[in-house]
Amino acid sequence: MQKKLLLGLLRSRRGIIGVTIIAFLLVLSAVAPLIIPIESYFRWNDPDYWINNPKTVAPFWTNFFGPKEFEHLSLDKNDAKVSSESSEGTRVDNYTFQVDMQADSFPDDIMFLYSVKYGDIPPVLQIDINRPDNNTFTIYYSSLPPTNNINTSFSDRIFSTNENIKESLKQYESLFNYSISGLEPQVVIFSDTNKPNVLKGMYQISERFYLFDNYSSVEDAGLILGGKVFGIMGTDDLRRDLAVGIIWGTPIALFIGLTVSIFSIAIGLIYGVIAGYRGKRTDETMMRVNDIFYALPTLPLLILLSITFGRSIFLIIGFILIFSWMGTAKVIRSIALQIRNYQYVEAAKLMGQSDLMVIFKHIVPQLLPLTFASIAIAVPAAILAEAALSFIGLGDPSLPTWGQILHDANTADAASRGIWWWIIPPGLMIALTGLAFFLIGNTLDAIANPLRNKNK
Amino acid sequence: MGLGRTLLFRSFNMFLVLFATLFITVILLGSTFDELQKEAIRNQVIEEVTQGTLKFENSDERSSYINDQIQFRYKISGLDQDSFTPSKLFHRIISVMTLDLGKSHYFTTDYGSSNVRDIIFEKVPKTLLLFTTATICVTVIGIFLGSYVASKEGSWWDKTNSTFAIFSNSFPTWWVAMLMIIIFAFTLHIFPARATPLSSPSDPTYFIDLLYHMTLPLITLVIVSFGAWAYIVRYFLINILNEDFIHAKRTMGISRRKILYSHALRNAGPPIATAVGLALAASFGGAIITEAVFDWPGMGKLYYDAIGVFDVPIIIGLTFVSTVLFLITIFITDISYTLLDPRVKGS
């Protein structure tokens with residue numbers, strides 16, 4: 001029977017589509033820890049972790065359909081060309097970053113990152129920009145603040161709004177054919193001298209550190225050019241990379257969906273078999289209880305439970321379980337009622353086998369194929385229930401789930417602000433996962449469900 | 001089972017479920033609710049003493065008077081007992097059933113009343129308006145589309161409809177709602193993104209304004225569910241079209257159209273009616289999120305906001321009212337099935 005199920009699944013087109021989607025989701029879940037840093041999972045809600053990303057920008061591929069916006073660029077020490085020279089006791093460490101400017105718009109801002117260890121004499125930092133038109137702008141020249149502690153390094157970031165930078169740029173005013181007063185520094189730096197447009201080409205941006213003693217050293221240097229497009233899925237208001245959230249959401253959704261459905265079907269199976277097999281009073285009472293559970297308003301009670309008991313993922317799975325076993329119990333019971341009267345079951349009973357034996361050896365195996373179908377069919381409802389709870393704001397706050405991304409989007413009014421990249425992907429993932437399990441479940445059910453075959 | 005017995009049996013079941021829900025609600029939120037009531041009484045007493053004309057010798061006398069008063073009122077309202085004694089639970093269940101839940105801390109009606117009962121009763125009609133209208137639209141479209149595709153079983157229309165039904169079933173309604181806001185409110189500017197009318201409720205044009213704001217939520221609810229509806233209707237119809245009595249009618253020379261729309265559809269009536277009822281009942285539950293996304297001023301939105309600020313009286317009251325609505329809908333559905341189905345009546 002199991003083999004027949006598998007074959008039937010792979011022979012139907014819907015089944016194959018479902019299996020393909022789930023295989024893709026499983027692969028995505030498996031490689032997630034390999035392609036993105038695991039820290040992004042634990043620090044999803046920590047704004048510090050995402051500080052280097054741009055705020056609420058569209059995916060990079062939107063550039064294919066409109067003007068080419070500047071794509072967010074984040075460079076660190078490893079991207080820099082490092083050189084060092086020394087004369088008369090002064091050492092100059094030079095970190096040069098290459099930026100190939102091809103966009104039609106200017107960066108939103110520029111950030112220079114550094115981390116230096118030094119003693120009594122603070123080093124001096126100079127920032128030069130060598131432009132494609134061979135002009136070199138020295139936009140920053142200043143010593144770092146004095147320190148008493150030579151063992152800790154001093155880290156800071158210089159923003160393009162820095163007064164020092166604004167002042168330095170004024171000396172290049174004469175190079176431009178038009179007035180640059182009032183323009184933002186990041187605009188002036190990347191502007192053509194003849195017309196107020198982007199000057200395309202290769203820029204060399206260098207951070208030069210003048211170090212005056214031997215134990216001073218540059219620990220880190222970096223450059224961030226704030227863009228209007230970022231990554232394959234853009235970012236949200238908290239600068240989080242949405243692609244990372246979508247990927248981490250996959251294993252969580254599969255875990256919730258499968259756990260809830262496996263347990264709820266198991267509960268429903270046992271409950272239904274006992275009711276159907278015992279019949280009479282037991283059946284009557286158990287079905288009454290089933291009816292009561294059936295009629296309970298699910299979402300309000302789920303909300304009350306998570307308000308009262310907490311919002312950890314395991315609690316939520318337990319709560320959803322309470323409200324999801326009744327349907328299976330009903331179906332299984334009606335089939336068990338039939339199987340009970342089969343001759344081989346009666347024979348087993350006459351031979352003196354215990355009820356437990358009969359149930360687990362003769363009835364449950366008959367029901368297994370249908371159980372597999374029910375498990376697959378139950379997954380979408382479980383995923384939707386968790387997404388709904390998260391969307392209301394009662395999800396596990398420590399996890400990046402799809403429902404939670406949508407909750408954040410709704411709280412930030414993303415829909416009326418037109419931030420489609422924050423809304424479409426998580427919802428599509430929920431729908432896609434639900435669809436896949438539904439297709440598989442439906443195909444299996446068509447093969448295994450005796451009630452359904454009878455109707456045909 | 002006779003009609004009378006069915007009715008009796010169903011009513012009994014309904015009350016059982018109602019009490020189960022009430023019991024769970026009261027157990028879960030009872031102690032929090034007690035704390036809030038105690039605080040309200042304490043504040044009231046202190047206010048009365050501050051405003052009142054009673055004179056005290058010293059501050060000790062004043063505070064002992066206040067404490068006595070507080071203890072006295074706790075006793076009257078039964079707050080001195082433990083939250084879970086049977087009499088307390090009974091008392092609490094009665095007060096929930098009569099919606100005697102005191103005042104909300106955060107919400108008021110359009111006319112400024114902060115009584116929980118007034119607030120809830122103001123919101124109920126709006127939820128009923130939106131979801132009943134949506135269910136009616138969906139049912140009408142579903143029956144027509146469903147019978148059409150049933151008469152063309154296996155055609156392109158039939159297959160497209162089945163595929164659409166499967167897809168639309170997998171989408172969370174509230175997510176489609178967000179997409180609709182992007183399309184119709186943000187991009188096309190046809191409908192407002194927020195469905196709460198801006199005009200005052202006493203305005204004569206308020207109702208028209210309300211209907212205009214209702215359009216986008218309504219369209220969304222219809223789009224999300226009409227495909228699945230047509231599919232259900234088609235399923236019932238095709239089952240009936242394969243029955244012997246339909247084949248008999250066909251051999252008698254009755255036209256296909258007539259068979260489909262009068263004979264088959266009439267026989268599919270009871271299960272369709274049941275499905276309509278259950279869908280309506282389920283949509284009240286889903287209303288919490290859909291209304292919150294659209295900002296539709298009904299019970300669901302109130303529920304969502306009440307959870308945000310943890311307004312316990314409102315949460316308890318709404319859970320009760322939505323359970324009652326849910327059960328009444330299911331009850332009516334059951335009864336109408338019994339009335340509609342000739343086979344049930346006969347036996």
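1. A residue is called buried if 20 or more other C-beta atoms lie within 10 Å of its own, exposed if 12 or fewer, and partly exposed in between, with C-beta atoms placed from the backbone. By that count B:N161, B:A165 and B:S170 are buried in α5(B). Helices (H or I, at least four residues) and strands (E, at least two) are DSSP runs numbered from the N terminus.

2. The model is predicted: local features need pLDDT of at least 70 and side-chain atom pairs count only at pLDDT 80 or more, while totals for chains, interfaces and linings use all residues. Residues are numbered from 1 along each chain as its sequence is written, and chains are lettered from A and ligands numbered from 1 in the order in which they are written.

3. The cover over the buried residues of α5(B) comes from both chains: it includes α12 (355–392) and α15 of chain A, and α4 (116–151) and α7 (206–241) of chain B. Contact here means that the C-beta atoms of two residues, placed from the backbone, lie within 7 Å.

4. Between the chains, 35 residues of chain A and 38 residues of chain B make up the contact. On the side of chain B that touches chain A, at least two residues each come from α1 (3–51), α5 (156–170), α6 (173–187), α9 (256–294), α10 (299–309) and α11 (312–340) of chain B. That side has 27 nonpolar, 11 polar and no charged residues. The classes are Ala, Val, Leu, Ile, Met, Phe, Trp, Tyr, Cys and Pro as nonpolar, Asp, Glu, Lys and Arg as charged, and the others, Gly among them, as polar.

5. In chain A, helix α13 (residues 402–411) packs on helix α15 (residues 420–448) at an angle of about 155°, with the axes 9 Å apart. The pair is therefore roughly antiparallel, a term for angles over 145 degrees. Axes are lines fitted to C-alpha atoms, for helices over the stretch in contact, and angles run from 0 to 180 degrees between N-to-C directions. On the α13(A) side are A:W402, A:I405, A:L406 and A:A409, which meet residues of α15(A) including A:W422, A:P426 and A:I430. The contact divides into nine nonpolar, one polar and no charged residues.

6. Helix α10 (residues 326–339) of chain A and α12(A) pack at about 150°, with axes 11 Å apart. This angle makes α10(A) roughly antiparallel to α12(A). Among the residues that meet are A:I332 and A:I335 in α10(A) and A:I363 and A:L367 in α12(A).

7. Which residues have a positive phi without being glycine? Among them are A:R239, with phi near 65°, and B:H189, with phi near 55°. Most residues other than glycine have a negative phi. A:R239 sits in the loop between β9 (217–226) and α6 (242–278) of chain A and counts as partly exposed, with 17 C-beta neighbours inside 10 Å. B:H189 is in the loop between α6 and α7 of chain B and is exposed, with 9 other C-beta atoms within 10 Å.

Conventions: Angles under 35 degrees count as roughly parallel, over 145 as roughly antiparallel, 65 to 115 as roughly perpendicular and the rest as oblique.
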